[in-house]
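User: I would like to learn how to read the packing of helices in a structure like this one. Please take me through it step by step.

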Amino acid sequence: MKKIHYYNNKNIISENLKTLREEKGLSQSNLAAKLQTMNVNIDQQMISKIEKNNRQVTDYELACICKCLSVTPNDLLNFEEMDFD
């Protein structure tokens, strides 16, 4: 399988995910448990890898993470701060 990277990143939500998760008072394990109730097969170690930018995020994972954190995809993606040049 081809590995996909964007400017050496495996995802672009890593920093915002950690910040928003902590603002909501959730541990990585808490977030993983909430996602599992939504039938998303993810555990604490996978959340850690996402936050460390060592794991890609699927579209359905992004949607469910947003729902768990009560944020929009733009809150996690934060396009305003990205440099596309």
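Analyst: Start with the term: a residue is called buried when its relative accessible area is under 20%, and exposed when that area is over 50%. The model here is predicted.

User: Which residues of helix 4 are buried?

Analyst: Helix 4 spans residues 59-69, and its buried residues are Glu61, Leu62, Cys64, Ile65, Cys66, Cys68 and Leu69. They pack against helix 1, helix 2 (28-37) and helix 5 (73-77). Just after helix 4, Ser70 has a positive phi of about 55°.

User: How should I read the pattern of buried positions along a helix?

Analyst: An α-helix has 3.6 residues a turn, so residues three or four places apart point the same way. In helix 1, the buried residues are Ser14, Asn16, Leu17, Leu20 and Arg21. These lie on the same side of helix 1 because they cover an arc of only 160° around the axis. Glu15 and Glu23 are exposed, on the face turned away from that buried side.

User: What covers the buried residues of helix 1?

Analyst: The cover includes helix 2, helix 3 (44-51), helix 4 and helix 5. After helix 1 comes Gly25, with a positive phi near 75°.

User: Why does Arg21 count as buried?

Analyst: The cut-off for buried is under 20%. Arg21 counts as buried because its relative accessibility is 6%. This residue sits in helix 1, residues 14-23. Apart from neighbours within four places in sequence, Arg21 contacts Leu26, Ser27, Gln28, Leu31, Glu51 and Leu69. Of these, Leu69 is also among the buried residues of helix 4.

Terms used:
Residues numbered from 1 in each chain as written. Predicted model: local features only at pLDDT ≥ 70, side-chain atom pairs only at ≥ 80, totals over all residues. Heavy atoms only, no water. Helix = DSSP H or I, 4+ residues; strand = E, 2+ residues; numbered from the N terminus. Buried < 20%, exposed > 50% of the residue type's maximum accessible area, 1.4 Å probe, protein only. Contact = heavy atoms within 4.5 Å. Arc of directions from axis to C-beta.
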